[in-house]
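Here's a quick briefing to read with the model open beside you. Take the topics in any order you like.

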Amino acid sequence: MISVALLSSSEEKRREISLLLGEIGILVYGADNLAGLKEVIGAQSPRVIMALEENPSFEELVREMISLFPQKPIISIINSRDAKRAVKLMLLGSEEVLSFPLSKEQLRAALNRAGKPPATSLSLVPPASLRGLYFYAFFFASLLALGLTGWIIHKHAETLKAAQVSQKNSWDLPYFYPSALAFDGDNAWIADWFSQSLYEHSTGSWAVKRVIHFPNEMPVSIAITPNSIWTVDASGKIVRRLKNLDLSPVEHYDQLPETTAIAFDGLYLWTYNSASKRLSKRLTDSRLSEVASYPYPGAQATALVFIHNSLWSLDAPDREILLHDINHPDHIISKTPLPEYSNGKYAPTGLGFDGKNFWTVAQSLPAGSARAILFRHKKPNPL
Amino acid sequence: MRKVVLPKAVPARFLVVSDPSRSEDWGRLTGLSSQGAVVTSLGPLKLGSRVLLSWEIHGQKFELEGRVLTAKQEVSGYFTSFIFFIRAPERKKISSFLIDFLSLKSGGASGIRTRE
């Protein structure tokens, strides 16, 4: 059972807070001044000290408690919600600061964590920042190579940098639940269903350039044409959007439930239904009329991509990229395995082609346990 | 990639810009990168809400606007949210700070853990 030393000169307040703490199974030892607190700590050794703000010199009292009992976590309770004051008290050493009115949930959480304060981890996650690190690496390499001619140093750094860039084939992304990927010139778009947003990344650094939030949609697939971005959400709602700042919708189409992947071939919209496991070729009329339908030849398509006149799909369960016969899309011409997924740490959710390579975006397994990842794959044959 | 861990999480204030009825709240930063910050607090943050986040690390003050991209309640009862920094210049500012800070701390100053 967690025990608490409660410091307050007001018997009424001590009783009020003790009742709340008692209801959540906390044992309370009251003290009305610092001398009383010393006695309680000496005799009962409670796990946590809770101190109530009662006069303007509360900060002084906190400081004194920290110097007297440096091993005891201190939770300060202030009279009004004053964030600046709370932060000041935390900087002084209070492990947590609560304010009136107190709730059982907050008391329980603060006491559960008392003595186990969290840490702050600082890291340069995004590749944009790597440019700075590359600079330091270059500088360091240059120092080591002191004595060599400028031309040699320059050539060496260039080779080193090029090698680093070409070896890097995966990038962490600042979100957890990616669902689709598409390229648009120098930019790439990635949908994240959990944050209900589309992220525009610069393909050079993979830094996020723009985030567009869809409050009423959960995007599961995207397709890009020269003038529009098509999105499909989890309910099967398909929307064509302008490529403006807000991606304003220009056309809403009939719902196609269970649609999990779309692609545009320049004339027809191709959709994949995950329930019936069928590929459909559709007109872009208001009903998205089906022109043809084919059984999917793989396990389950998670994404579709058109490159010129060839249709490719990401078969997520089998971790393969399939090339379909465009005249008979239910026939496979080639299968390209994705060894990046062989360790079972990620599941691919989106496929894109940047003009040179295939890329996949993936979510961690179990879902949400780590940040999303982006992989650059070798060029599959025949391309 | 180098990572520095400050053993005591940095206290932070946050104001929910998209909800003017809510007063300024506080919590601790448990993660910071050039893209955003992870905030742990007793008060919840709504997914998608805009937040003005302020904190101080080693004498340097920051005040950045961000959007809550993930929000969940931990078993302890605390809420953990990832706040993505909306503005590119601000991300750049954090990035430069982190580059300086991480390179300075790579020697492993007292109480600070570094990982590669």
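Predicted model: local features only at pLDDT ≥ 70, side-chain atom pairs only at ≥ 80, totals over all residues.

Residues are numbered from 1 along each chain as its sequence is written, chains are lettered from A and ligands numbered from 1 in the order in which they are written, and side-chain values use heavy atoms, with hydrogens and water left out.

- Chain B has one helix and eight strands, where helices (H or I, at least four residues) and strands (E, at least two) are DSSP runs numbered from the N terminus.
- Along the sequence, the pattern of chain B reads β-β-β-β-β-β-β-α-β.
- Of its 116 residues, 54% count as buried; buried means under 20% relative accessible area, exposed over 50%, and partly exposed in between (1.4 Å probe, protein chains only).
- Contacts here are heavy atoms within 4.5 Å. Among the contacts in chain B with a separation of 6 or more, 52% link residues 24 or more positions apart.
- The largest nonpolar core has 28 residues, and Leu53(B), Trp55(B) and Ile57(B) touch the most other members. A nonpolar core is a set of buried Ala, Val, Leu, Ile, Met, Phe, Trp, Tyr and Cys residues joined through side-chain atoms within 4.5 Å.
- Elements giving two or more residues to this core include strand E5 (50-57), strand E6 (60-73) and helix H1 (88-105) of chain B. H1(B) makes the largest contribution, with six residues.
- Beyond its neighbours within four places in sequence, Leu53(B) is in contact with residues including Phe14(B), Leu29(B), Val39(B), Phe62(B), Leu64(B), Ile83(B) and Phe85(B).

- After H5(A) comes Gly115(A), with a positive phi near 90°.

**Cavities**

- There are four cavities of 30 Å³ or more. On a 1 Å grid over the protein atoms alone, a cavity is a set of points where a 1.4 Å probe fits but cannot get out, and lining residues have an atom within 4 Å of a point.
- The largest cavity holds about 60 Å³ of space, a volume being the space filled by probe spheres set on the points, with grid points joined across faces, edges and corners.
- This cavity is lined by 13 residues, and Ala180(A), Leu181(A), Ser221(A), Ile222(A) and Ala303(A) are the closest to its centre.
- At least two lining residues come from each of strand E8 (178-184), strand E12 (219-224), strand E20 (301-307) and strand E24 (346-353) of chain A.

- Six of the six residues of strand E21 (residues 310-315) of chain A are buried.
- One side of E21(A) carries Ser310(A), Trp312(A) and Leu314(A), the other Leu311(A), Ser313(A) and Asp315(A), and all are buried.
- E21(A) pairs antiparallel with E20(A) over six bridges; strands pair if DSSP finds at least two bridges between them. Ser313(A) in E21(A) stands opposite Leu304(A).
- Two residues separate E20(A) and E21(A) in their hairpin, and His308(A) in the turn has a positive phi of about 55°.
- On to strand E22 (residues 320-324) of chain A: five bridges join E21(A) to this strand, again antiparallel, and Asp315(A) is the bridge partner of Glu320(A).
- Four residues lie between the strands in the hairpin of E21(A) and E22(A), where Arg319(A) has a positive phi near 50°.

- Phe100(A) and Pro101(A) are joined by a cis peptide bond, with omega about -5°; Pro101(A) sits in the loop between strand E5 (96-99) and H5 of chain A.
- Another cis peptide bond runs from Leu365(A) to Pro366(A), with omega near -5°.
- Ser45(A) has a positive phi near 45° and is partly exposed, with a relative accessible area of 46%.
- Gln196(A) is not a glycine, yet its phi is positive, about 50°; Gln196(A) is buried, at 17% relative accessible area.

Methods: 1 Å grid on protein atoms, 1.4 Å probe; cavity = no way out; pocket = protein on both sides within 12 Å on 5 of 7 lines; lining within 4 Å.
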